[in-house]
Amino acid sequence: PAKKSREQILSPIISPLFKYSYAEQSECDNLLIMLHGLGDTEVNYMKLGKTMKLPNTEVIALRAPLSLFFEDMGTAWIPSFTPDGELIQNSQERLEGLLNVRRSLTKLLDSLASI
């Protein structure tokens with residue numbers, strides 16, 4: 001059987017948890033995982049990762065799971081705004097969102113460490 005590419009190996013691990021962009025290089029020992037900030041997406045970070053041209057390094061840029069109002073406004077890792085557009089201050093909802101992201105990232109890192 002044909003040898004699987006790194007993306008074929010990584011995709012089943014990452015895609016159930018996150019949307020992502022990936023840049024594969026041959027014979028890499030390193031993996032750079034990039035997380036964007038509030039209101040952004042993985043697209044600019046994927047460009048940055050590719051532009052850095054780090055030797056022997058593959059790049060994965062993850063997209064936060066929550067859309068901000070409209071898709072073109074970017075995404076967020078945790079609940080950040082009310083339906084009226086007000087910033088959510090210290091709330092249980094934000095804490096639960098943070099814990100969910102932490103669980104997903106931990107699951108992703110544990111899975112990546114096992115391959």
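The largest nonpolar core of this predicted model has 14 residues, and those with the most contacts inside it are I14, I60, L62, W77 and L108. A nonpolar core here is a set of buried Ala, Val, Leu, Ile, Met, Phe, Trp, Tyr and Cys residues joined through side-chain atoms within 4.5 Å; buried means under 20% relative accessible area, exposed over 50%, and partly exposed in between, with a 1.4 Å probe and protein chains only. At least two residues of this core come from each of α1, β1, β3 (57–63) and α3. Helices (H or I, at least four residues) and strands (E, at least two) are DSSP runs, numbered from the N terminus. In soluble globular proteins, nonpolar side chains tend to be buried together.

The model is predicted: local features need pLDDT of at least 70 and side-chain atom pairs count only at pLDDT 80 or more, while totals for chains, interfaces and linings use all residues. Residues are numbered from 1 along each chain as its sequence is written, and side-chain values use heavy atoms, with hydrogens and water left out.

Leaving aside neighbours within four places in sequence, L62 is in contact (heavy atoms within 4.5 Å) with residues including I14, F18, Y20, I33, W77, L105 and L108.

Helix α3 (residues 92–113) has 22 residues and reaches 31 Å from its first C-alpha to its last. That is close to the 32 Å expected at 1.5 Å a residue, the expected span being 1.5 Å times one less than the number of residues. Within α3, G97, V101, L108 and L112 are buried. Seen down the axis of α3, the buried residues fall within an arc of 45°, so they line one face of the helix; the arc is that of the directions from the helix axis to the C-beta atoms. The face turned away from this buried side carries the exposed residues Q92, R102, R103, K107, D110 and A113.

T75 is found in strand β5. At 1% relative accessibility, T75 counts as buried. Its side chain reaches the backbone oxygen of D40 at 2.9 Å. Not counting residues up to four places away in sequence, T75 touches H36, G37, D40, R63 and L66, among others.

The protein averages a pLDDT (the predictor's confidence in each residue, from 0 to 100) of 83, and 86% of the residues score at least 70.

Definitions and conventions: Polar contact = N/O pair within 3.5 Å; in protein donor to acceptor, adjacent residues only side chain to side chain.
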